[in-house]
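Trainee: Hi, could we go through this one together? I'd like to start with a helix.

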Amino acid sequence: MLADKVLDAKGLACPMPIVKTKKSMTDMSSGQVLEIHTTDKGALNDLTAWAKSGGHELLKHEEENDVLKFWIQKG
């Protein structure tokens, strides 16, 4: 999946992946896609809820070598 921007949040514990995601999204235009890489297992629930509450769309998520990857489209 193509992303307009990639955020490396590996090694960061909650709530930092959400904080960094929110900050990255402010610089993006509506419709652009942010790809997030994190090792925080709680990020699945956190980013899913955050995207929904912020009017964004979680397009896809997957796990690869203990790294969770998310693609969120800015609303």
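Trainee: Which residues of H2 are buried?
Mentor: Ala43, Leu47, Trp50 and Ala51 are the buried residues of H2. Buried means under 20% relative accessible area, exposed means over 50%, and partly exposed is in between (1.4 Å probe, protein chains only). Helices (H or I, at least four residues) and strands (E, at least two) are DSSP runs, numbered from the N terminus. Keep in mind that this is a predicted model, where local features need pLDDT of at least 70, side-chain atom pairs count only at pLDDT 80 or more, and totals for chains, interfaces and linings use all residues. Residues are numbered from 1 along each chain as its sequence is written, and side-chain values use heavy atoms, leaving out hydrogens and water.

Trainee: How does H2 lie on the strands?
Mentor: H2 (residues 43-53) lies across S2, S3 and S4, at about 5° to S4. Axes here are lines fitted to C-alpha atoms, for helices over the stretch in contact, and angles run from 0 to 180 degrees between N-to-C directions. H1 (residues 16-26) lies across S1, S2 and S4 (67-73), and runs at about 160° to S1.

Trainee: New topic: in what order do the strands sit in the sheet?
Mentor: The order is S1-S2-S4-S3, with 4 strands in an open sheet of mixed pairing. S1 (5-9) and S3 (57-64) are at the edges with a single partner strand each, so one side of each has no neighbour in the sheet. On average, neighbouring strands are turned by 15° against each other, direction ignored.

Trainee: How many bridges join S1 to S2?
Mentor: There are 5, and S1 and S2 (residues 33-38) run parallel. Two strands count as paired if DSSP finds at least two bridges between them. Leu7 stands opposite Ile36 in S2, and Val6 has Glu35 as its bridge partner in S2. From S1 the chain crosses through H1 to S2, and this β-α-β crossover is right-handed. That means that, with the strands pointing away from you, the path from the first strand over the helix to the second runs clockwise.

Trainee: What about the peptide bond from Cys14 to Pro15?
Mentor: That bond is cis, with omega near 10°. Pro15 is in the loop between S1 and H1.

Trainee: OK, and what is the phi of Asn65?
Mentor: Asn65 has a positive phi of about 55°, although it is not a glycine. Asn65 is in the loop between S3 and S4, and is exposed at 71% relative accessible area. Asp66 is found in the loop between S3 and S4 too, with a positive phi near 65°.

Trainee: Last one: is Lys69 buried or exposed?
Mentor: Lys69 is buried, at 14% relative accessibility, and its place is in S4. The Lys69 side chain makes a polar contact with the side chain of Glu64 (3.3 Å). A polar contact is a pair of N or O atoms within 3.5 Å; within protein, one must be able to donate a hydrogen and the other to accept it, and residues adjacent in sequence count only if both atoms are side-chain atoms.

How values were computed. Contact means heavy atoms within 4.5 Å.
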